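Hi,

Here is the structure I promised to pass on.

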Amino acid sequence: MSLDTESPETKPVIQETTQGTQQEPEATSQEPDNEDQKPKEMKSELALLDKKYDADGHKVYRLREAKTDDGNADWWKLYALTETRHYKESGGFKCTRLHVNPQPLKQLLEDIIVGFPYDPVDAQQDVDFDLPAYCLFFYRKELEEVGSERFKDDEASLGHLKLLIDWIDKVHEETFRASQRFHSNGQRPISYEHLWTVFRPGSLVYNRVQGHPRAYKVRGFWYEDDSEPCLAIRVKFVDYDGEKFGTRKDSFRIPKYSGVMRAEDLNIMPLDFHSNSAGIRAQLLERGRRFEKLAGQHFMQYGGVAIKRNGPKYDRHNLSGRIVVDCKNYQRFEPDEDFELEDLPGTEAAKRQRIMRKYNEGIDTSDEIIYDELSEEELVMANSTVRGFAFSTKKFLEFFVDNISPIKWDETCFEQLVLNPTTKRTVQAMVSVHARRGQDQPGFDDIVEGKGKGLVMVLHGPPGVGKTLTAESVAEAVHRPLYMVSAGDLGTDSYTLEMNLGRIMDITSTWGAVLLIDEADIFLARRNLSDLQRNAMVTVFLRVLEYYRGILFLTTNRVGTFDDAFTSRIHVPLRYSNLDEASRRTIWRNFCNRVPGGVEISDKELDELAKRELNGRQIKNIVKSAESLAAFDGQKLDYAQLQAFTQVQGEFERDWMGFVDVDE
């Protein structure tokens with residue numbers, strides 16, 4: 001944008017160029033030879049200047065197409081406004097700036113233009129704006145309203161204000177027309193050239209990320225004219241880092257387009273101009289309240305897609321199961337994904353007020369974590385995800401708040417566990433006391449500090465008799481998630497074992513989860529002189545086990561091969577034998593009771609099913625398969641269907657045993 005005039009004594013004539021661009025003009029200055037053209041006092045005029053370098057490398061200001069005396073280097077500051085073309089020392093064009101010189105007008109600009117990016121105003125310094133002076137477009141109305149009232153008794157300052165308003169109106173004449181069309185037309189049409197006018201810094205914008213609605217506050221914008229021209233928009237949103245709430249930065253880009261486009265067709269748009277703005281705000285506000293409540297550490301249920309950042313993109317994981325929401329420990333275990341937050345406005349003051357209020361109410365807050373209370377606007381622009389750990393996939397992920405729900409613990413699971421009553425009570429007592437005391441509470445301890453604070457139980461016996469179910473039931477009973485791993489998750493050499501097992505035990509002890517290492521025979525087997533690699537793995541397992549502080553279940557079918565050193569590290573060894581008929585009947589009944597709509601079966605028929613020598617896992621599979629067939633046929637599950645699948649299972653067992661006999 002450039003302005004030109006015939007002489008400094010006439011009202012300037014504004015010449016328009018393409019909005020938002022700065023083209024190199026032709027320099028048209030002459031040697032000064034007229035003392036009279038130098039202003040002696042502040043003039044309510046706009047001067048068009050060139051700022052160049054003389055032969056000695058000094059900065060000099062000259063009126064365009066005019067003769068002036070350079071004796072006073074700051075003579076140009078006596079014009080209320082100057083639009084100056086700045087040149088580099090090499091002579092090339094640099095930029096065009098509007099300089100504001102009257103002190104009252106500079107103070108008005110500082111008071112009105114607060115927090116606008118890239119154009120900070122300090123009335124005690126030189127005040128200038130790079131053209132096209134975006135902030136003056138956005139604050140034009142406020143400047144006129146506040147300035148007219150402030151300068152109503154100051155004729156000179158009122159004239160300076162009018163000069164500035166007229167300049168804004170002329171420079172942004174076409175832009176104001178485009179903005180008026182945008183606001184008056186229900187379709188909200190806007191051209192790419194004037195797209196910046198709808199993204200006022202400080203306003204809220206809306207888009208969808210990974211299919212979920214999001215709101216952000218605009219920090220700034222700029223046009224990029226590289227190989228892929230676009231309008232870049234810098235935004236911020238509210239997040240939580242495990243210690244406090246604050247704001248994070250992000251950016252979006254709207255590719256260049258021709259003609260005009262509706263606001264709702266853009267990949268990001270002002271929230272106020274969405275056709276369902278009120279509904280979206282209400283939805284985001286409700287989600288923001290849930291986000292705020294998830295600060296800290298929470299065991300929750302999740303169902304849906306979770307995400308994991310992978311470079312500039314995200315990997316998606318379909319997930320259904322128990323999770324722990326814990327951003328603080330997420331960043332401890334995944335330090336490469338750490339982020340920094342900027343403090344929220346008024347954070348410290350609000351925090352002190354809450355501490356004082358609680359103190360006055362007689363509540364001790366010395367050990368209490370106090371989080372910053374979020375305003376409604378901050379809740380609306382809160383992140384749509386929280387960070388944590390998924391126990392089913394054993395991954396640290398970001399979970400969408402909309403897919404998180406409270407856990408419904410199965411309070412009857414432990415009661416239905418088919419186990420010797422004395423053994424069952426022992427397990428329940430030891431696990432409950434350990435979970436209640438926690439890992440750092442006083443209790444019976446080892447002589448050496450830090451040793452023996454865990455609870456290790458070995459479950460040994462044939463398959464399908466309830467070993468794994470015991471660990472699952474115990475976790476449900478104490479309201480703790482279950483972390484289940486197998487030998488394949490731990491590695492097959494001592495170094496990998498130590499790294500993986502140490503990380504897993506750190507994770508489970510951090511959240512008090514119940515750890516189950518299934519089929520742990522390879523780590524418990526007796527050491528010998530011929531297999532040094534396996535000996536090293538057993539030694540590592542023994543050492544890590546000694547200092548584990550949580551609840552650990554080990555299942556095995558080969559207790560006879562245990563290394564002697566393990567026997568002293570096991571707190572509760574539980575032996576499982578093959579199920580008797582009474583136990584099988586109980587298991588049949590328990591699984592039948594879990595079938596939706598129940599099962600049509602008599603006690604006599606239940607007795608018949610119990611006579612089959614099946615383990616618990618086989619019984620579960622039979623009930624599940626029969627229920628699926630009944631649902632497919634639109635019938636209620638009954639004895640005949642269960643009996644049919646039981647026979648199929650028996651035929652498989654006979655065939656399998658026949659192959660085993662042949663191989664032997």
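First, a term: buried means under 20% relative accessible area, exposed is over 50%, and partly exposed falls in between, with a 1.4 Å probe and protein chains only. Ile307 counts as buried because its relative accessibility is 3%.

Some housekeeping: this is a predicted model, where local features need pLDDT of at least 70, side-chain atom pairs count only at pLDDT 80 or more, and totals for chains, interfaces and linings use all residues. Residues are numbered from 1 along each chain as its sequence is written, and side-chain values use heavy atoms, with hydrogens and water left out.

Back to Ile307, which sits in strand β13 (residues 297–310); strands are DSSP runs of E, at least two residues, numbered from the N terminus. Its C-alpha is 8.4 Å from that of Phe400, 93 residues apart along the chain. Leaving out residues up to four places away in sequence, Ile307 touches Phe400, Gln210 and Tyr314, among others (contact: heavy atoms within 4.5 Å).

Then there's Asp326, in strand β14 (residues 313–326). Asp326 is buried yet has no salt bridge, and Arg332, the nearest side chain of opposite charge, is 7.5 Å away. A salt bridge here needs a side-chain nitrogen of Lys or Arg within 4 Å of a carboxyl oxygen of Asp or Glu; Lys and Arg count as positive, Asp and Glu as negative, and His and the chain ends are not counted. What does the side chain of Asp326 reach at 3.3 Å? The backbone nitrogen of Lys328.

Cheers

Technical notes: Helix = DSSP H or I, 4+ residues; strand = E, 2+ residues; numbered from the N terminus. Polar contact = N/O pair within 3.5 Å; in protein donor to acceptor, adjacent residues only side chain to side chain.
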